[in-house]
Amino acid sequence: MRINVPTKDRIADMENKLSIASGKAALALSQMLKCKVNVNLSSLHIIPLSGITDVFDEASTPVVGVKMSMFGDLNGSIFFMLPVNDQDSLMRQISEAAFGHSPGVGLDISILEEVGNIVAGVYLTGICDLYGFNIYHSLPSVTQDMFSSLIDEAVAGESMAGCHVVLIESLFTITHGSIKTFLMLIPSADSASAFLDSMGRGGNR
Amino acid sequence: MTKCTTDIIQRTNIGMGEGAVAESPSVLIASGLGSCVALILCDKGKKIGGMAHIMLPYSGMIHSPVAVDLYPPFWFVDTAVYTLLDGLLRRGAFLRHIEAKASGGACMFPVYNGESLGIGEQNVESIRGILTAMQIPITGWEVGGHHGRSVEFYLESDRVVIKAVGKEDKEI
């Protein structure tokens with residue numbers, strides 16, 4: 001089956017529509033943390049799976065990753081990631097704004113799981129609304145390690161189908177400066193073509 | 001991209017699904033291994049060695065035998081072992097002198113179903129089985145666990161240095 005990869009115009013359109021989802025993420029996080037959190041979708045890319053290792057400068061870049069599985073009309077893996085240094089800054093800003101103190105061990109993992117959970121949830125909901133899918137995601141699981149080591153199992157599992165990855169970059173602004181985060185949707189081989197085809201056609205299967 | 005080069009290269013990064021053969025004093029590097037495994041074959045006497053950054057346990061995962069040829073050989077354990085070995089022998093290594101080392105094969109996130117092995121474990125078991133069947137001695141083995149690894153193979157000294165976040169370097 002020939003995969004209809006979305007054109008630049010379609011991606012720009014999707015970017016605009018998913019900006020609403022980033023607003024919902026900001027609202028949900030602001031309510032949960034009881035402090036002002038801004039989340040802006042800065043860019044959306046659809047890249048071949050082989051190009052995913054270029055997201056960070058080095059395969060060995062230390063990152064914090066939140067992994068979830070997605071299932072329903074679309075199966076696969078979701079990763080919410082940011083470099084370790086940025087994660088420290090993000091957790092400190094969130095913790096100080098929300099609780100008035102620095103994050104302790106355990107609290108930062110819980111916060112990060114919840115941030116990943118909310119961000120993945122609102123973008124998936126946005127995609128479902130746009131394209132008429134029903135997609136759910138599993139509970140989040142957090143690990144800190146080298147970037148490539150966190151994604152290689154998902155990449156290996158889906159490489160045979162020559163899949164593409166949806167990469168959503170978001171900017172978080174809390175008290176000072178913005179922190180860039182990465183959300184990667186890696187569809188499994190059995191659902192990638194239907195997903196990309198639907199995105200390429202602009203929606204509603 | 002797949003490369004099995006015969007050029008002398010000082011430091012070569014081996015990406016996912018790639019492999020290379022080189023001679024002393026080259027250094028072969030595989031960065032950010034999770035479930036993937038870095039397999040190293042070496043003829044110490046001749047200082048000829050190679051590294052494969054392997055992703056999946058069996059080429060049989062592809063159901064069409066014709067389609068197997070369409071995939072880079074270093075993606076799968078079985079085809080990677082033969083391709084790497086072939087590269088070493090073509091360079092002048094002696095089959096009886098070839099030894100193997102391996103690192104990687106981690107499980108980075110918890111597996112909840114508990115019924116089947118993760119890809120990392122399958123990679124490790126597949127490598128062990130093929131090397132044993134081929135009677136290639138395993139002289140270094142640092143696999144499994146729940147952490148990422150970067151592997152550097154120094155052909156001059158036959159040292160394999162394994163780096164991990166927050167851990168001391170290991171040598172096999």
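In which sense do strand E2 (residues 62-72) of chain A and E5(A) pair, and over how many bridges? The two strands are antiparallel, and 6 bridges link them. The model described here is predicted.

## Confidence in chain A

Chain A has a mean pLDDT of 81, with 91% of its residues at 70 or more. Among the elements of this chain, the highest mean pLDDT, 90, belongs to strand E5 (residues 141-146) of chain A. The lowest, 75, belongs to helix H5 (residues 189-201) of chain A. Where pLDDT is low, the predicted coordinates should not be read in detail.

E2(A) and E3(A) make a hairpin, with 3 residues between the two strands.

A further antiparallel pairing joins E2(A) to strand E4 (residues 135-137) of chain A through 3 bridges. In E4(A), A:His137 stands opposite A:Met70.

## Strand E6 of chain A

Strand E6 (residues 164-173) of chain A is mostly covered, with 8 of its 10 residues buried. Strand E1 (residues 38-48) of chain A runs antiparallel to E6(A), and 10 bridges join the two. One of the residues involved is A:Val39, whose bridge partner in E6(A) is A:Phe172.

E6(A) is also joined to strand E7 (residues 178-187) of chain A, again antiparallel, by 8 bridges. A:Leu167 has A:Met184 in E7(A) as its bridge partner. E6(A) and E7(A) form a hairpin with 4 residues between them, and A:Gly177 in the turn has a positive phi of about 70°.

## Layout of chain B

Chain B contains 3 helices and 10 strands. Read from the N terminus, its elements follow the order β-β-β-β-β-α-α-β-α-β-β-β-β. Of the 172 residues in chain B, 53% are buried. Among contacts in chain B between residues at least 6 apart in sequence, 60% connect residues at least 24 apart.

## The open sheet of chain B

In chain B, 5 strands make up an open sheet with mixed pairing, in the order E2-E5-E4-E6-E7. Its edges are strand E2 (19-23) and strand E7 (138-143) of chain B, each of which pairs on one side only. On average, neighbouring strands of the sheet are turned by 15° against each other, direction ignored.

Within this sheet order, E5 and E4 are listed side by side. Strand E4 (residues 37-43) of chain B and strand E5 (residues 48-54) of chain B run antiparallel and are joined by 7 bridges. B:Val37 has B:Ile54 in E5(B) as its bridge partner. Helix H2 (residues 77-91) of chain B lies across E2, E4, E5 and strand E6 (98-104) of chain B, and runs at about 160° to E5(B).

The peptide bond between B:Ser24 and B:Pro25 is cis, with omega at about 10°. B:Pro25 belongs to the loop between E2 and strand E3 (27-33) of chain B.

Two residues of chain B other than glycine have a positive phi. For B:Lys47, phi is about 55°, and this residue is in the loop between E4 and E5 of chain B. The relative accessible area of B:Lys47 is 28%, so this residue is partly exposed. For B:Gln135, phi is near 55°, and its place is the loop between helix H3 (119-133) and E7 of chain B. B:Gln135 counts as exposed because its relative accessibility is 71%, over the 50% cut-off.

## Aromatic rings and charges

Over all chains, the count comes to 6 aromatic pairs. The rings of B:Trp75 and B:Phe76 have centres 6.3 Å apart and planes at 55°, so this pair is tilted. Both B:Trp75 and B:Phe76 are buried. In chain A, one aromatic cluster is formed by A:Phe56, A:Phe147 and A:Phe182.

Charged groups also sit over rings in chain B. The charged end of B:Lys46 is placed over the ring of B:Phe94, at 4.7 Å from its centre. B:Arg159 lies over the face of B:Tyr154, 4.9 Å from the ring centre.

Key. Residues are numbered from 1 along each chain as its sequence is written. Chains are lettered from A and ligands numbered from 1 in the order in which they are written. This is a predicted model: local features need pLDDT of at least 70, side-chain atom pairs count only at pLDDT 80 or more; totals for chains, interfaces and linings use all residues. Side-chain values use heavy atoms; hydrogens and water are left out. Two strands pair if DSSP finds at least two bridges between them. Axes are lines fitted to C-alpha atoms, for helices over the stretch in contact, and angles run from 0 to 180 degrees between N-to-C directions. Contact means heavy atoms within 4.5 Å. Rings of Phe, Tyr and Trp (its six-membered ring) pair if their centres lie within 6.5 Å; planes under 30 degrees apart count as stacked, over 60 as edge-to-face and the rest as tilted. Buried means under 20% relative accessible area, exposed over 50%, partly exposed in between (1.4 Å probe, protein chains only). A charge sits over a ring if NZ of Lys or CZ of Arg is within 6 Å of the ring centre and within 35 degrees of the ring normal. pLDDT is the predictor's confidence in each residue, from 0 to 100.
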